[in-house]
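This report describes the spaces inside a protein model and the contact between its chains. Please keep the sequence and the structure in view while reading.

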Amino acid sequence: MALISLKSVTKIYPLGHQEVVAVDEFSLSIDAGEFVVLAGPSGSGKTTLLNMIGCLDQPTRGEIWLDGHDIGCASQKELSDLRLRKVGFIFQDYNLIPVLTAAENAEFTLMLQQVEKKQRRKRVLDLFSALGLDGLENRKPSDLSGGQQQRVAIARAMASGPAVILADEPTASLDSQTSEELLLLMQKLNEEQGATFVFSSHDPLVISHAKRVVRLRDGRLESDQ
Amino acid sequence: MLYQLALRNIWRNRRRTLLTLSAMIISSALLILALGIFSGMLRDMLVSATEQYYGHLVVNSSGYQDDRDMFRHFEMSPDLEDVFKQDEIIGASQRLRGFGLLSHEEESAPSEVLGILPSQEKNVTNLQDSLISGKYLTPDDRGGAVIGAGLARRLHVVPGDQLVFVTQSADGSIGNDLIEVRGVFSTGDVGHDNGLILVPLVWLQRVLVLPGKIHEIALRTDDPLNAAELASQYRPALPENMEILDWGEMLPEMAEVVASYDVSRMIIVTILYIATGLGILNTFFMAVMERTREFGVLMALGMRPGQIRTMILLETTVMGSLGLMCGAFLGVLLSLYMAIVGVDLSGTLTPITYAGGTILPRLHAVIEPGNIVIPSVCLLIVSLLAGFLPANRAAKMQPVVAIRKD
């Protein structure tokens, strides 16, 4: 059974007195361990799809299944739980919590899951080591570079071992060398730890690292290679 | 975790936090001080009305206070004395009252003459503290008097001068005698300063030909606001033709003033805290609005709306508690200063007699638990209310919308 399954998904947003169809009759299936990029120009529906897969939004029509859970029928509380247990987010602007240290940011979802302090600190230190963040545990986000912040964001997304890690334009705020390093890191995590990554991006660098590229145009599936 | 996050969020914008805290601290401290001074004025009025003359409770023959008829007298008995041997009664003074004409050389004036036992009267009233010249009566004094300042001015007398008192005695004869001015008192109460004279009880009993008789027993209690309750407690133990009145029955206008105090206090508290609350609400709303995107991220990471709400409420509660503690501390310090030192306004203001009491020309605070607890509790409630609205708003945000906010 697929980890993520979208069946004829449509998402319509009201815009004043009009309606905008962001995603139109879209179907897709992603298995565990894949490294997928949703590619397409701005307004093609990549972020909308990612938000729905990540339980931040629900489809207007159609079905979305995540690890056996029907997102379209879930309550707000169930969506919160699914986000906590099944999804890890990496944002374009990192979105680290400014009052927490790097390690505390990475531990955040584990804290929400009430994992014991010693256990979560070990998990985060292992991730920091794998991501080249040794020695930066106690720094505040404002004391880290963009690349370091995004690595902390990756650690945060990976920490609780979610079913899927969703990355919305993760390299958009980074220079090409840092982007390359990060993509290699995520590829390594995908290969060594079997983490499932779904990106939304129109960055050719990201697309070149993907094992599978799903192209969208005007909310519809254009190609799946 | 929520507590830790809330605490750190408070200090992320120190300048704003300090400004909000200052508003909380200053408003609660000033309110505590204002209520303390307000209580001080009320206490001054109550003290002037009861502790200068009436006492907190008065026992007399039924109906005596209505007409002050000379013949409604009684004798002190051991049974009656036993009624007032209670912990709450800190003083009892036997009194005989007469009305007549006082003269000195060419001057004369009508006056109320109160026969007292100086050692007992000192435990009930505090006229001895209002002397402006001379001295108070001593227990063995048989022919001295303490006279109101207005009356002394009118009769042109000073301590050492002799007065003639003329009145109608109980046996129908004209009673008269000489009495020497020992001291002059000034209370600020025009009625007493212009018409009252205190004399030894035995002297007045002789002049009125009422040996061993008294008209009333004035009592002082440990808490004047409890006087009415004590009166109803003692009433059943009194002989049939006797009554006990609390100061509220003797001075109904003063009782009204005291009753309206609580209402006035709540009005002041409400007005001040509406203003403060709007300021705090504005700050908290701003703090929440600018963190909209962050709340979206927290929800994306799996934080529940209820946890977001709790976190913001914790922030406001911590701020409120901190403001409350510092505000109460500062308020008590200011009130202590005003209670011990105060501000004397006698240079610019004169005493005002109102509802049987006198508002003295001074700012003097009284520290009462209610004046500290009410502003403190109100500040906490205002902080929680001001925090609840933005907290609720943040909790109701859709994560996908919140996350898009700049």
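## The second largest pocket

The second largest pocket has a volume of about 330 Å³. A pocket is defined on a 1 Å grid over the protein atoms alone, as an open set of points with protein on both sides within 12 Å along at least five of seven lines. Grid points are joined across faces, edges and corners, and a volume is the space filled by probe spheres set on the points. The model is a predicted one, in which local features need pLDDT of at least 70 and side-chain atom pairs count only at pLDDT 80 or more, while totals for chains, interfaces and linings use all residues. Residues are numbered from 1 along each chain as its sequence is written, chains are lettered from A and ligands numbered from 1 in the order in which they are written, and side-chain values use heavy atoms, with hydrogens and water left out.

The lining of the second largest pocket consists of 19 residues, and B:R43, B:L46, B:P224, B:L225 and B:E368 lie nearest its centre; a lining residue has an atom within 4 Å of a point. Two or more of the lining residues come from each of α2 (14-54), β9 (216-221) and α11 (252-289) of chain B. Helices (H or I, at least four residues) and strands (E, at least two) are DSSP runs, numbered from the N terminus. With six residues, α2(B) gives the largest share of this lining. By class, the lining has eight nonpolar, three polar and eight charged residues. In this scheme Ala, Val, Leu, Ile, Met, Phe, Trp, Tyr, Cys and Pro count as nonpolar, Asp, Glu, Lys and Arg as charged, and the others, Gly among them, as polar.

## The largest pocket

The largest pocket holds about 460 Å³ of space. Its lining has 21 residues, and those nearest the centre are A:T47, A:N51, A:D168, B:I403 and B:R404. The elements that contribute two or more residues to this lining are α1 (46-53), β6 (87-90) and β7 (164-168) of chain A. The largest share, four residues, is given by α1(A). The lining of the largest pocket divides into 10 nonpolar, five polar and six charged residues.

## Enclosed cavities

Rolling a probe the size of a water molecule over the atoms shows where empty space is left. A cavity is a set of grid points where a 1.4 Å probe fits but cannot get out. The count comes to two cavities of 30 Å³ or more.

The volume of the largest cavity is about 200 Å³. Of its 16 lining residues, B:N9, B:F284, B:A287, B:R291 and B:E315 lie nearest the centre. At least two lining residues are supplied by each of α1 (2-10), α2, α11 and α13 (305-340) of chain B. Six of the residues are nonpolar, six polar and four charged.

The second largest cavity contains about 40 Å³ of space. Its lining is formed by B:I32, B:G36, B:S335, B:V366, B:I367, B:E368, B:N371 and B:I372. The lining comprises four nonpolar residues, three polar residues and one charged residue.

## The contact between the chains

How many residues does each chain give to the contact? Chain A gives 25 residues and chain B gives 23 residues, where contact means heavy atoms within 4.5 Å. The area buried between the two chains is about 2,100 Å², with carbon and sulfur atoms giving 62%. Buried area is the accessible area (1.4 Å probe) that two parts lose on being put together, summed over both. A:L56, A:V99 and A:L112 supply 25% of the area that chain A buries against chain B, more than any other three residues.

## Salt bridges

Side chains of opposite charge can pair when their charged atoms come close. A salt bridge is a side-chain nitrogen of Lys or Arg within 4 Å of a carboxyl oxygen of Asp or Glu. Over all chains, the whole structure has 33 salt bridges. In one of them, A:D57 pairs with A:K11, with the closest N and O atoms 3.2 Å apart. This pair links distant parts of the chain, 46 residues apart: A:D57 is in the loop between α1 and β4 (61-66) of chain A, and A:K11 is in strand β1 (residues 4-15) of chain A.

Between chain A and chain B there are three salt bridges. B:R8 forms a salt bridge with A:E104, and their closest N and O atoms are 2.5 Å apart.
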